[in-house]
Amino acid sequence: VYCEGRQTPTINGDVNIKKVSVPGTGIGSFDASISNLELGIYSVRAYALNNGGYSYSKNTVELILTGT
C-alpha cells in the first residue's frame with residue numbers, strides 16, 4: 001500500500017491511498033512493482049490480509065523521486 005507524502009498508509013486510510021495486490025498464500029516472500037509514479041515523495045508499506053484482518057509491516061519506506 002502506498003500514498004503520496006510522508007504518511008503511514010493503511011488500506012482504510014486517506015482517499016489518496018493506492019493498493020498493490022500480489023496473489024499468493026502461505027508463508028514466504030512476495031514482491032510487487034509500482035509504476036507510473038510522478039516526481040514527489042511516496043510512503044510505501046507492506047501488508048497482508050488474513051482471517052484476523054489487515055496486518056502491516058512495522059516500517060514504512062519513503063521513496064523520493066526527483067528529476068535528476
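Colleague: If buried means under 20% relative accessible area, exposed over 50% and partly exposed in between (1.4 Å probe, protein chains only), which class does Glu62 belong to?
Modeller: Glu62 is partly exposed, as its relative accessible area is 38%. This is a predicted model, in which local features need pLDDT of at least 70 and side-chain atom pairs count only at pLDDT 80 or more, while totals for chains, interfaces and linings use all residues. Residues are numbered from 1 along each chain as its sequence is written, and side-chain values use heavy atoms, without hydrogens and water.

Colleague: And Arg6, buried or exposed?
Modeller: Arg6 counts as exposed, with 60% relative accessibility.

Colleague: What does Arg6 form with Glu62?
Modeller: The two residues form a salt bridge (a side-chain nitrogen of Lys or Arg within 4 Å of a carboxyl oxygen of Asp or Glu), with 2.9 Å between the closest N and O atoms of Arg6 and Glu62.

Colleague: How many salt bridges does the structure hold?
Modeller: The structure holds 1.

Colleague: Which parts does the pair tie together?
Modeller: Arg6 is in the loop between strand 1 (2-4) and strand 2 (40-44), whereas Glu62 is in strand 5 (residues 61-65), so the pair links parts 56 residues apart in sequence. Strands here are DSSP runs (E, at least two residues), numbered from the N terminus.

Colleague: Changing topic, in which sense do strand 3 and strand 4 pair?
Modeller: Strand 3 pairs with strand 4 (residues 53-56) in the antiparallel sense, over 4 bridges; pairing requires that DSSP finds at least two bridges between the strands.

Colleague: Which residue in strand 4 is the bridge partner of Leu49?
Modeller: The partner of Leu49 is Tyr54.
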